[in-house]
Amino acid sequence: MDFSLSTEERQIRDTVRSFVEKEIMPLEPEVLRNERAGRPAIDPDVVRDLRAKARKSGFWGINTPEEYGGAALGPIMSAIIAMEIGRTFVPFSFGGSADNILYAGTDEQKQRYLIPTIEGERRSCFAITEPGAGSDARNIRTRATRDGGEWVINGEKTFITGGSEADFVMVFAVAEPYGATCFLVDRDMGWKSEPIPTMGEWGPAALVFQDVRVPEENILGELGKGFDLAMQWIGQGRYMIPARAIGSAERMLGMAIDYAKIRKSMGQTISEYQAIQWMIADSQVEIEAAKWLTLYAAWRVSEGMDARHASSIAKLNGAVMANQVVDRVLQIHGGMGYTKELPIERWYRELRLLRIFEGTDEIQRRTIARNLIKGHARLGLIGE
Ligand SMILES: Cc1cc2nc3c(=O)[nH]c(=O)nc-3n(C[C@H](O)[C@H](O)[C@H](O)COP(=O)(O)OP(=O)(O)OC[C@H]3O[C@@H](n4cnc5c(N)ncnc54)[C@H](O)[C@@H]3O)c2cc1C
């Protein structure tokens, strides 16, 4: 068993770390100021420039196949890069990526949707959740009915990330009589979006489809096979959620250690108190555990193995870990932790989402337990 990285992998990790420290972290005060003033966290032009700069160093299309100009660094490096980027709360990601399910498109769909998304010319959003169907995604009510060579979509989606900015949506609707189907629908085909304010700094949107007419050629994949595509979309990113959270938790723990070493109470620094030391120790133990569960899930994906069970474990553990760590870090900072002087309260609100989206804690537990009870996953076999 070899836990080391190759020289090249180490170089990539170090280059990303220094890019994040030199180019992204200096934007943090501005992000906090913007958000407090109700402005977008970061100017889109700044993101574009940063992405262009990163592209020159080869950081573009981290997970995108080489035939589409990407770096195709694979799941393990993608997870490690996400850990590095997660060290800052600036909402930044490298460019050159597109939703995995767009690769299932026809050549024409790839030209119209996949390639412009990779190039950053178009923005997508993924819409399955509805007011009456979240965890119970098989219960969606949005309908598509055939009318000549077109489908007419009616229904409502909710909590759609990027729904206010996207210019096309991968929307899941029940196409009678075939079943759930994914449609690529341009905004100018007539769907409307309404932002939903949330406790995090960025908000998703509600989407309304009222007699939206979509040509037959805009079906992504096969009629009636939409649910498989939806699970593929959700499944691919599952280990990336804890990966990013690990970076955030580690950075915050560093802040807590620094603060504990200088903050004095009752004649000594709080780092001298066991109550504080235990919070620090427990946090590192949990971060390390999350790191290895996440990398194990990523390794399974890279080996072409079934990674669903491992990804559920990593997502559940990472989401809970991040919320426990941010809570302890806030506690160690006392009243200062609760202020907007520091970014901890922002992380506290942001990380809460991790226990809800892309499968709640309860749904991950349900999946893990069902896999074990039904024998889809076995206990105690390392390496299989
Ligand atoms: C900020 C944000 C961004 C999002 N982005 C997107 C997006 O881009 N696209 C998209 O399609 N969706 C998105 N979602 C939706 C998200 O995936 C759902 O909110 C999530 O799946 C939970 O669904 P729900 O909110 O309807 O809760 P519900 O499913 O109603 O769950 C309510 C509670 O009941 C529990 N519960 C439900 N069923 C069971 C069960 N069988 N066993 C035990 N407990 C259960 C849940 O765990 C939860 O605690 C986003 C949500 C948020 C908040």
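A: Start with a rule: a salt bridge is a side-chain nitrogen of Lys or Arg within 4 Å of a carboxyl oxygen of Asp or Glu. Keep in mind that this is a predicted model.

Q: How many salt bridges does that rule give here?
A: First the idea. Side chains of opposite charge can pair when their charged atoms come close. In this structure the count is 25 salt bridges.

Q: Take Lys291. Which residue does Lys291 form a salt bridge with?
A: The partner is Glu250. Their closest N and O atoms are 2.8 Å apart. Lys291 sits in helix H8, while Glu250 sits in helix H7 (residues 240–262), so the pair ties together parts that are 41 residues apart in sequence.

Q: What describes two packed helices?
A: Two values do: the angle between the axes and the distance between them.

Q: Is the crossing of H8 and H9 left-handed or right-handed?
A: Left-handed. By class, the H8 contact with H9 holds 15 nonpolar, seven polar and four charged residues.

Q: Now H1 and H4. At what angle do their axes cross?
A: Roughly 25°. Helix H1 covers residues 7–24, helix H4 covers residues 74–85, and their axes come within 9 Å. Angles under 35 degrees count as roughly parallel, which makes H1 roughly parallel to H4. The crossing of H1 and H4 is right-handed.

Q: Which residues in H1 and H4 meet?
A: From H1, they are Glu9, Ile12, Arg13, Val16, Arg17 and Val20. From H4, they are Met77, Ile80, Ile81, Glu84 and Ile85. Sorted by class, this contact of H1 with H4 has seven nonpolar, no polar and four charged residues.

Q: Which feature does UniProt place at residues 125–202?
A: An unreviewed UniProt entry gives "domain: Acyl-CoA oxidase/dehydrogenase middle" for that span. Now set the model beside the record. Residues 125–202 are 0% helix and 50% strand. The end C-alpha atoms of this span are 14 Å apart.

Q: And what does UniProt place at residues 224–372?
A: There the unreviewed entry has "domain: Acyl-CoA dehydrogenase/oxidase C-terminal". In the model, residues 224–372 are 77% helix and 3% strand. The end C-alpha atoms of residues 224–372 lie 29 Å apart.

Key: Residues are numbered from 1 along each chain as its sequence is written. This is a predicted model: local features need pLDDT of at least 70, side-chain atom pairs count only at pLDDT 80 or more; totals for chains, interfaces and linings use all residues. Side-chain values use heavy atoms; hydrogens and water are left out. UniProt positions are given in the numbering used here, feature names are shortened, and annotations may be inferred rather than shown by experiment. Helices (H or I, at least four residues) and strands (E, at least two) are DSSP runs, numbered from the N terminus. Axes are lines fitted to C-alpha atoms, for helices over the stretch in contact, and angles run from 0 to 180 degrees between N-to-C directions. Angles under 35 degrees count as roughly parallel, over 145 as roughly antiparallel, 65 to 115 as roughly perpendicular and the rest as oblique. A crossing is left-handed if the near helix is turned anticlockwise from the far one by less than a right angle, and right-handed if clockwise. Contact means heavy atoms within 4.5 Å. Ala, Val, Leu, Ile, Met, Phe, Trp, Tyr, Cys and Pro count as nonpolar, Asp, Glu, Lys and Arg as charged, and the others, Gly among them, as polar.
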